[in-house]
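Hi everyone, thanks for making time for this. Please bring up the structure on your screens, and we will walk through it together.

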Amino acid sequence: MKRLLKKALAAACMITIVTGLVSCSVPGSTEPVTKSGAYFDTLISITVYDRRYSDEVDHCFSMADRFDRLFSMNKKSSDIWRINHAKGQPVNVSDDTAKIIRDGLKYSAISDGAFDITIGRLTSVWEKAREKKEIPSDDLVKEALSTVDYRNVLIDGNKVTLKNPDAMIDLGGIAKGYIADRMKSYLKKHHVPSALINLGGNVLVIGDKPDGSHYRIGIQEPFASEGTTVTEVAVSDKSVVTSGIYERYFKKNGKIYHHIIDTGTGYPEENGIKSVTVISKKSVDGDALSTVLFVLGSDKGIEKAEKMDGIECAYILSDGSFKMTSGMKKYGFSGGK
Ligand code: ADP
Ligand code: MG
């Protein structure tokens, strides 16, 4: 089992114990009730403030399961797996898959391919490299890189064609945000007034906390032990997503090989960024943009984010300094060298 998943499961067990205690609370109380589980190779948890919403939370976990079975690149017979193995033929997919692919293509175009959902062959090469802790051969990297081009994805209604039969779609840079949004819509439809959805650090909140205060979301200090924060942001009804080089990586000859890939070179980005945090209304935007703004670099990224409505971002750079958009301070993101 992967180390990350083991850690996630250990944390899930701890939370289950806490949940067990909380379930003794009186109905209608505003004590937090948190449920957790392992999905998409990470720990996800949902917190509500009334145990009468327990069924709705359970339903969100079944949604996670369904989306995992639709969007996974590795699960046989998922929509994405079928597209990736269709040898260039059209494939009929679910409404959700068609929608997330459209979102992914939008961000691929906005970033001029710096973010590219057809990065699957390349991310597979680097995932195997992480497992073996070995740098892949340059030939392997370049061959995988030659298949990356989002313009090969054609979509017509629910019919998706990946024109290059050697290419593969990987929605890893956008899926958690999309799924978080869908869970939020479901919970809101069922009149849940306040909740925190945390999909492996991809956080989306509904409203304020029941006492009327904003949710305070800690920003992870890169490479420090999990839960050590450098700052925090206070948000109401917003998504807070961080992409960082410390999440999935291996070290070789003193160099870090992480999971955010430069579509120009085929190698992990080396642009002096340790992490970028995005605050947005929709989590699909925050998730895609956290990867997009990472690969664009801090100067271009901030320039781009300043022009986008309702988007704020903050970078933590390798010297420990912070760089952020003008509106980020109002959420409390502060400090840095
Ligand atoms: P996570 O929260 O899982 O760490 P991120 O939102 O930080 O995910 O995005 C990283 C993931 O995005 C990678 O695991 C990979 O699946 C995908 N990815 C990496 N580089 C790119 C890129 N240049 N364009 C699109 N997707 C990418
Ligand atoms: Mg992302």
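I will start with the ligand, then move to the aromatic rings, and finish with some single residues.

A few ground rules before that. This is a predicted model, so local features need pLDDT of at least 70 and side-chain atom pairs count only at pLDDT 80 or more, while totals for chains, interfaces and linings use all residues. Residues are numbered from 1 along each chain as its sequence is written, chains are lettered from A and ligands numbered from 1 in the order in which they are written, and side-chain values use heavy atoms, with hydrogens and water left out.

Let's go to the ligand. How many residues surround ligand 1? There are 17, and the closest are D170, K176, S243, E247 and H259. Near, here, means that a heavy atom of the residue lies within 4 Å of the molecule or strand. By class, that shell has five nonpolar, seven polar and five charged residues. For the classes, Ala, Val, Leu, Ile, Met, Phe, Trp, Tyr, Cys and Pro count as nonpolar, Asp, Glu, Lys and Arg as charged, and the others, Gly among them, as polar.

Now the polar contacts. A polar contact is a pair of N or O atoms within 3.5 Å; within protein, one must be able to donate a hydrogen and the other to accept it, and residues adjacent in sequence count only if both atoms are side-chain atoms. An oxygen of ligand 1 lies 2.6 Å from an N or O atom in the side chain of H259. For T291, an N or O atom of the side chain is 3.2 Å from a ligand 1 oxygen. Taken alone, ligand 1 exposes 560 Å², and the protein buries 93% of that. These areas come from the Shrake-Rupley method with a 1.4 Å probe, and for residues only the protein chains shown count as cover.

Next, the rings. Searching the whole structure gives 12 aromatic pairs. Rings of Phe, Tyr and Trp (its six-membered ring) pair if their centres lie within 6.5 Å; planes under 30 degrees apart are stacked, over 60 edge-to-face, and the rest tilted. Take Y49 and Y215: their ring centres are 6.4 Å apart and their planes meet at 55 degrees, so this pair is tilted. Helices (H or I, at least four residues) and strands (E, at least two) are DSSP runs, numbered from the N terminus. Both Y49 and Y215 are buried; that word means under 20% relative accessible area, with exposed over 50% and partly exposed in between (1.4 Å probe, protein chains only).

A second pair, F67 and F71, is stacked, at 5.4 Å centre to centre and 20 degrees between the planes. Why are F67 and F71 separated by about one helical turn? Because they are four residues apart in helix α2. F67 counts as buried because its relative accessibility is 1%, and F71 is buried at 6%. Ring pairs also link W126, F250, Y257 and Y267 into a cluster.

On to backbone angles. Most residues other than glycine have a negative phi. F40 has a positive one, near 45 degrees. F40 lies in the loop between β1 (33–39) and β2, and is buried, with 18% relative accessible area. D237 also has a positive phi, near 55 degrees. You will find D237 in the loop between β9 (229–235) and β10 (239–244), buried at 14%.

Last, a few single residues. S111 lies in the loop between α4 (95–110) and α5 (120–132) and is buried at 5%. A polar atom of the S111 side chain lies 3.3 Å from the backbone oxygen of S108. Is T30 buried or exposed? T30 is exposed, with a relative accessible area of 53%, and lies in the loop between α1 (3–22) and β1.
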